[in-house]
Amino acid sequence: MSDKTLDAVVIGAGVAGLYQLHQLRKQGLDVRAFDTASGVGGTWYWNRYPGAKFDSEAYIYQYLFDEDLYKGWSWSSRFPGQSEIEEWLNYVADALDLRRDISFDTTITSAVFDEDTNRWTVTTDSGETIDTQYLVTCCGMLSAPMADLFPGQSDFAGEIFHTARWPRDGVDLSGKRVGVIGNGATGIQVIQTIADQVDQLKVFIRTPQYALPMKNPSYGPDDVAAYKSRFDELRENLPNTFTGFEYDFTVAWADLTPEERRARLEADYENGSLKLWLASFAEIFSDEEVSEEVSEFVREKMRARLQDPELCELLIPSDYGFGTHRVPLESGYLEVYHRDNVQAVPVKNNPIARIVPEGIVLEDGSLHELDVIVMATGFDAGTGALTRIDIRGRDGRSLREDWGRDIRTTMGLMVHGYPNLLTTGAPLAPSAALCNMTTCLQQQTEWISDAIRHLRANGKSVIEPTEEGQDAWVAHHDELADANLISKTNSWYVGSNVPGKPRRVLSYVGGVGAYRAATLEAAAAGYKGFSLS
């Protein structure tokens, strides 16, 4: 006997979960959202490390289903920080009166599909069980931290924090010897923020990253009025671009002279955003010669700022192309390494062996004594949030085991063998890579809401992808991915940061607009590729 019976359970109260809850509730469903956190915000609740901020422009990282909701909030700058973003998501929760249907401080531990009733039994960490028809996961693409990585972590005498589990009250780093492990997008934000606060900063660097300078002007009333006046344009434009950003690839490399190409690269670089990555030349993802030329342009910019040959060697990539990893934005990050209290420690050929009470020991036996260790070590992307829940579908099959063999979904919205399990931010949809997340998550939650509405209107109660439908999507996804240089590069985009994880490009690379069209086409054709009963 379950403790509670619902029409739908939503896991997560971040960008996707809040909107999903709102949509299903508007349909009249008895629905409840559950979140491990103590408040709303998802990634913007957890990632409160020093320097955490947007690198999508604030006015496009927004919900576009309600003009009053959009215009009722004003941003202070182009790329605001975590606390302001968390405030915005609280504003959304209050404006839509969502809190009454969210259970905070509650972790979903298991979900089992009952083939006799065609319903899910969901269990929480307190032992509560919920009987639900639909299970909708809004767990986030980057929400399962890679935190327990090194032998001896628990022996460390100082303090150790993963960036995605930063204490709410902050950490006083003044006068401390701090080590940061990792120099991806998160690590860069931390490093550039704390360098002038700490006594010593050691950055343990394995993989160099291309980085672009961020221009982050403050917004006055005129700036806010200007972006709000674009609401209709943004609502129309964002879902149909290649990346869900306002800018898009509009010219072909071959159609420009070398001088015109250089001028475009310079203009996009000066924009101070992700525009050089997401709207300069689409060929950087498919043509090795174009990739190399654009990569060399970015290297040249980085060399001019670093100057020191040893730092250039350590911090500037040479063995993969610009844009095939997540591209970070930075504010004075490269110059941090010119400070007397900052040391870059290469660990590619001399990796971290273990953590001891005094600090970090490398493979050659050298000890780096530290008071605080910051783990900017990333996530088990795409799959981790769901494989950390014990999800069981038809015949008791385990999603953790299935994805441990081969990561397959249907449009990133469902998985064959798991009826009425509907997923957002999941593998093989545009998510986290090459995607403004709010654009993609809105579209995915809307598709899910429409599918449930269709089932109810037509007297159906179960939706599940067919095996053939899933095979067709995986084949389409892989064909595009295999032609993309992302698939040739080791990064979390292909799961290579997680030992034993099956290699597959985790995000759909065919474009946000094309993906949206494909999902809507399937729905319009009576949910082609899905079985309804």
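Reply: Start with Gly-179, which stands opposite Ile-373 in β16. The model is predicted. Strand β8 covers residues 177-181 and strand β16 covers residues 372-375. The two run parallel and are joined by 4 bridges.

Now widen the view. β8 and β16 belong to an open sheet of 5 strands, in the order β7-β16-β8-β9-β12. The pairing in this sheet is parallel. Strands of a sheet pair through backbone hydrogen bonds. At the edges stand β7 (159-162) and β12 (342-346). Each has a single partner strand, so one side of each lacks a neighbour in the sheet. On average, neighbouring strands are turned by 20 degrees against each other, direction ignored.

Helix α5, residues 185-194, touches β8, β9 (200-205) and β16. The direction of α5 makes about 160 degrees with that of β8.

Next, an antiparallel sheet. This open sheet has 3 strands in the order β13-β14-β15. β13 (352-356) and β15 (367-369) are its edge strands. Each of them pairs with a single strand, so one side of each is left without a neighbour in the sheet. Here too, neighbouring strands are turned by 20 degrees on average, direction ignored. β13 is joined to β14 (residues 359-362) by 4 bridges.

Tyr-210 lies in the loop between β9 and β10 (212-213). Phe-322 lies in the loop between α11 (309-315) and β11 (329-330). The ring centres of Tyr-210 and Phe-322 are 5.7 Å apart, and the planes are at 90 degrees, so the pair is edge-to-face. The pair therefore ties together parts that are 112 residues apart in sequence. The count of aromatic pairs comes to 33.

Last, a helix pair. Helix α8 (residues 258-270) packs with helix α10 (residues 288-306) at an angle of about 55 degrees. Their axes are 11 Å apart. The two helices are therefore oblique to each other. Their crossing is right-handed. From α8 come Arg-262, Leu-265, Glu-266 and Tyr-269. They meet Val-294, Phe-297, Glu-300, Lys-301 and Arg-305 in α10. The residues of this contact divide into 4 nonpolar, no polar and 5 charged.

Technical notes: Residues are numbered from 1 along each chain as its sequence is written. This is a predicted model: local features need pLDDT of at least 70, side-chain atom pairs count only at pLDDT 80 or more; totals for chains, interfaces and linings use all residues. Side-chain values use heavy atoms; hydrogens and water are left out. Axes are lines fitted to C-alpha atoms, for helices over the stretch in contact, and angles run from 0 to 180 degrees between N-to-C directions. Angles under 35 degrees count as roughly parallel, over 145 as roughly antiparallel, 65 to 115 as roughly perpendicular and the rest as oblique. A crossing is left-handed if the near helix is turned anticlockwise from the far one by less than a right angle, and right-handed if clockwise. Contact means heavy atoms within 4.5 Å. Ala, Val, Leu, Ile, Met, Phe, Trp, Tyr, Cys and Pro count as nonpolar, Asp, Glu, Lys and Arg as charged, and the others, Gly among them, as polar. Two strands pair if DSSP finds at least two bridges between them. Rings of Phe, Tyr and Trp (its six-membered ring) pair if their centres lie within 6.5 Å; planes under 30 degrees apart count as stacked, over 60 as edge-to-face and the rest as tilted.
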